[in-house]
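Student: I have a structure open and want to go through its contacts. Can we start with how the terms are used?

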Protein chains: 2
Amino acid sequence: MTTWRMTPAEQAQMAMMLEVAAFPKPGNVDRCHDFHSTRLEHFLASIILVRPSLENASGPGARVGAVIYDAVARTNVHSGGNTHFGAFLLLIPLVMGGDIHGAINVTRRTTVDDALNFYRAFGMTQVRVLTSDRLDVNDPSALESIVRQQMTLYDIMAHSAVNDMVAREWINGFKRVRTGADLLKKNGSGRDAIVLTFLDLLSDEPDTFIVKKHGAEIAEATMKNAREVRNGTRDLTLFDKDCIDAGINPGSTADILIGSLYVALE
Amino acid sequence: MTTWRMTPAEQAQMAMMLEVAAFPKPGNVDRCHDFHSTRLEHFLASIILVRPSLENASGPGARVGAVIYDAVARTNVHSGGNTHFGAFLLLIPLVMGGDIHGAINVTRRTTVDDALNFYRAFGMTQVRVLTSDRLDVNDPSALESIVRQQMTLYDIMAHSAVNDMVAREWINGFKRVRTGADLLKKNGSGRDAIVLTFLDLLSDEPDTFIVKKHGAEIAEATMKNAREVRNGTRDLTLFDKDCIDAGINPGSTADILIGSLYVALE
């Protein structure tokens, strides 16, 4: 069946599946690691359950904030907590827009309503992403503030970009997603290329999820260690173990990688 | 969200996902094993790609043979070969019928057309299942023979039941699927209950996939070894390794387990 093509929703599911199955991805849930409260099965369940949201995203009249809300609601039903919040923020514009060019258009055309739906979705999760002093999702006045200032979802992302590499993708035209897609091609094929690309991405920018959880110093050290693995001066398995033991999980880099896999699958 | 319910299609996908993620399942692809040409990713890809077929199955006017054909066509696109043929033969009646009682009705009401679509689906796969001297799927006259004898899909399964434990489920009212569902409840919860149930199922009936590939003697020995693991006189990890080394994979027992997981998830 050489004429067979994946739908955009399937392509997004495949990207999430290939990311979580690849191993070892230092510090993250993968085929060989679970976290205490979040297991491989939780990631796979979310990948299955989000499908209708992704199908809605590729249909007519989809609104990015509403689709994000729908995706989080559908995947927030198991006990594993949020598994793909950051990934959805990248995949949903990509599915809606069809490709990176389209995704950029989607992000530029967001509304205040998209921002409100995003905050409602965010309120359902306990994920460490995009919080800022001015727009704390736990603060009910945040929603009033968005309306008063007429902030779109793009404005929210611009506001969060300095501290969050996923939000930054919305502002810089999915730059690291594109870098990752190029790296995936350069690094060969299959599971090994995915692991090498993860290490490459981790090597040249501090993971903002690590920054939020452990501070900039640990994030810089993790970046340096990843670079040493790529240079052959540090053992991958030991690096992985050190990350797990210290609770250092480069979650934002994994989100970027999922976006890159989506693009590379085209 | 306590009111949340999975759709039947999602329930079937979850059953397949939980089966392949559970480990160690001696001799089979699982979270910790790949086969040379079939990897975990192929199983997960099939689970993602089959969704529209399962949704069609739960819709009005679905025909079991056509849905089986659709499911095999959708999942036959990757290089990992067929991953879930036997599982589809159990899940599709279960999704169509809603539960075991409904599934029995679905199997009893099949037509000659269902039989023809089943054979067309089977012809796309290289799976060792349901062949018999009289109705070899590689023999074009098999289709003519089905029409001439006005055999329904139920008749085909009745014909194959003696040599195939998946076909047998159609005839005996999904007896082993029900046994497995009861065992899953008895064996506790989560991944360990799935592994224990797999061993229990393997312990008390020879796996017909092993019989076809290696003969009855090896299938009996595998059954005895599984029983010893359950009795605590054989090491699970070693049993797993022995199966893998000898290419002994209890694929039909895995199919039954998927059916049982579907029922247990209700």
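Tutor: A salt bridge here is a side-chain nitrogen of Lys or Arg within 4 Å of a carboxyl oxygen of Asp or Glu. Keep in mind that this is a predicted model.

Student: Ok, what does A:Asp164 form a salt bridge with, and how far apart are the closest N and O atoms?

Tutor: Its partner is A:Lys212, and the closest N and O atoms are 2.5 Å apart.

Student: Which parts does that pair tie together?

Tutor: A:Asp164 sits in the loop between helix H9 (153-160) and helix H10 (165-171) of chain A, while A:Lys212 belongs to helix H13 (residues 208-214) of chain A, so the pair links parts that are 48 residues apart in sequence.

Student: Where do A:Asp34 and B:Arg31 come in?

Tutor: Their side chains meet in a salt bridge, at 2.9 Å from N to O. Across the interface of chain B and chain A there are also 11 residue pairs in polar contact, with both residues at pLDDT 80 or more.

Student: Which helices of chain B supply residues to the side that touches chain A?

Tutor: Helix H1 (8-21), helix H2 (40-49) and helix H3 (51-57) of chain B each supply at least two residues. H2(B) gives the most, with seven residues. By class, that side of chain B has 16 nonpolar, two polar and eight charged residues.

Student: And how much area is buried between chain B and chain A?

Tutor: About 2400 Å², with carbon and sulfur atoms giving 66% of it. On the chain B side, B:Arg31, B:Glu41 and B:Ile48 lose the most area to chain A, together 27% of what that side buries. In terms of contact, 26 residues of chain B meet 26 residues of chain A.

Student: Which residues form one aromatic cluster in chain A?

Tutor: A:Phe85, A:Phe118, A:Tyr119 and A:Phe122 form one.

Key. Residues are numbered from 1 along each chain as its sequence is written. Chains are lettered from A and ligands numbered from 1 in the order in which they are written. This is a predicted model: local features need pLDDT of at least 70, side-chain atom pairs count only at pLDDT 80 or more; totals for chains, interfaces and linings use all residues. Side-chain values use heavy atoms; hydrogens and water are left out. Contact means heavy atoms within 4.5 Å. Buried area is the accessible area (1.4 Å probe) that two parts lose on being put together, summed over both. A polar contact is a pair of N or O atoms within 3.5 Å; within protein, one must be able to donate a hydrogen and the other to accept it, and residues adjacent in sequence count only if both atoms are side-chain atoms. Helices (H or I, at least four residues) and strands (E, at least two) are DSSP runs, numbered from the N terminus. Ala, Val, Leu, Ile, Met, Phe, Trp, Tyr, Cys and Pro count as nonpolar, Asp, Glu, Lys and Arg as charged, and the others, Gly among them, as polar. Rings of Phe, Tyr and Trp (its six-membered ring) pair if their centres lie within 6.5 Å; planes under 30 degrees apart count as stacked, over 60 as edge-to-face and the rest as tilted.
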